[in-house]
Amino acid sequence: MIVEPDVAKPIVCACNSLLDELRAMVLMCERIGDVKGMGTLKSGQDLAAKFSKKAVGGEDSLEKSLNSHIQVVTEMRDFFQQCVDRYGEVDDSNASALVSVETPR
């Protein structure tokens, strides 16, 4: 797949911005991961534990979902960055090859 650097560079920047936001959200999950105030009854304590695990530590927690998104966006960013890097490498290689070619006078 060929992606022009003028297209890939802004995508890399957008991915970096999104990664910053997602990482901040993961940190916020820790603040909501300890639910309190559901009373002293066993049912209230169970409900608080359930909500806590929805934020952090549960099988389908928000934290796990955000980390999964981080992984996907990181892979996308890396792909588009490689497109930019490869384009530059090919451009440099072609320029070097052209410099070494003798032109007739």
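**Questions on a predicted helical model**

Me: Which residues form a nonpolar patch on the surface, and how much accessible area do they have together?
Reply: In this predicted model, the nonpolar patch on the surface is formed by M38, L47 and F51. One of these residues, L47, lies in helix α2, which covers residues 42-55, and it is partly exposed with a relative accessible area of 36%. Together M38, L47 and F51 have an accessible area of about 240 Å².

Me: How many helices and strands are there in the protein chain?
Reply: Read from the N terminus on, the elements of the protein chain run α-α-α. Helix α1 spans residues 5-32, and helix α2 spans residues 42-55. The count for the protein chain is therefore three helices and zero strands.

Me: Is S52 buried or exposed, and which backbone atom does its side chain reach?
Reply: S52 lies in helix α2, and its relative accessible area is 10%. Since buried means under 20%, S52 counts as buried. Leaving aside residues up to four places away in sequence, S52 touches G33, D34 and V35. Its side chain reaches, at 2.9 Å, the backbone nitrogen of V35.

Me: Which residues does V12 touch, not counting residues up to four places away in sequence?
Reply: V12 has its place in helix α1, where it counts as buried at 7% relative accessibility. The C-alpha atoms of V12 and T74 are separated by 9.5 Å, although these two residues are 62 residues apart along the chain. With residues up to four places away in sequence set aside, the residues that V12 touches are R77, F80 and Q81.

Me: What is the geometry of the aromatic pair that F79 and F80 form?
Reply: The structure holds one aromatic pair, and F79 and F80 form it, with 5.1 Å from centre to centre and 75° between the planes. F79 is partly exposed at a relative accessible area of 28%, whereas F80 is buried at 16%. Because planes over 60 degrees apart count as edge-to-face, the 75° between the planes of F79 and F80 makes this pair edge-to-face.

Me: How far apart are the closest N and O atoms in the salt bridge of D34 with K36?
Reply: A search of the whole structure finds four salt bridges, and among them is the one that D34 forms with K36. D34 counts as partly exposed at 48% relative accessibility, while K36 is exposed with a relative accessible area of 63%. In this salt bridge between D34 and K36, the closest N and O atoms are 3.0 Å apart.

Me: What share of the accessible surface of the protein chain belongs to carbon and sulfur atoms?
Reply: Buried residues make up 21% of the 105 residues in the protein chain. The accessible surface of the chain comes to about 8,000 Å². Of this surface, the share that belongs to carbon and sulfur atoms is 58%.

Note on methods:
Residues numbered from 1 in each chain as written. Predicted model: local features only at pLDDT ≥ 70, side-chain atom pairs only at ≥ 80, totals over all residues. Heavy atoms only, no water. Patch = residues over 30% accessible without salt bridge, like charges linked within 9 Å, V, L, I, M, F, W, Y side chains within 5 Å. Areas by Shrake-Rupley, 256 points an atom, 1.4 Å probe, with all protein chains shown as cover. Salt bridge = Lys/Arg side-chain N within 4 Å of Asp/Glu carboxyl O. Helix = DSSP H or I, 4+ residues; strand = E, 2+ residues; numbered from the N terminus. Buried < 20%, exposed > 50% of the residue type's maximum accessible area, 1.4 Å probe, protein only. Polar contact = N/O pair within 3.5 Å; in protein donor to acceptor, adjacent residues only side chain to side chain. Contact = heavy atoms within 4.5 Å. Phe/Tyr/Trp six-rings, centres within 6.5 Å; stacked < 30°, edge-to-face > 60°.
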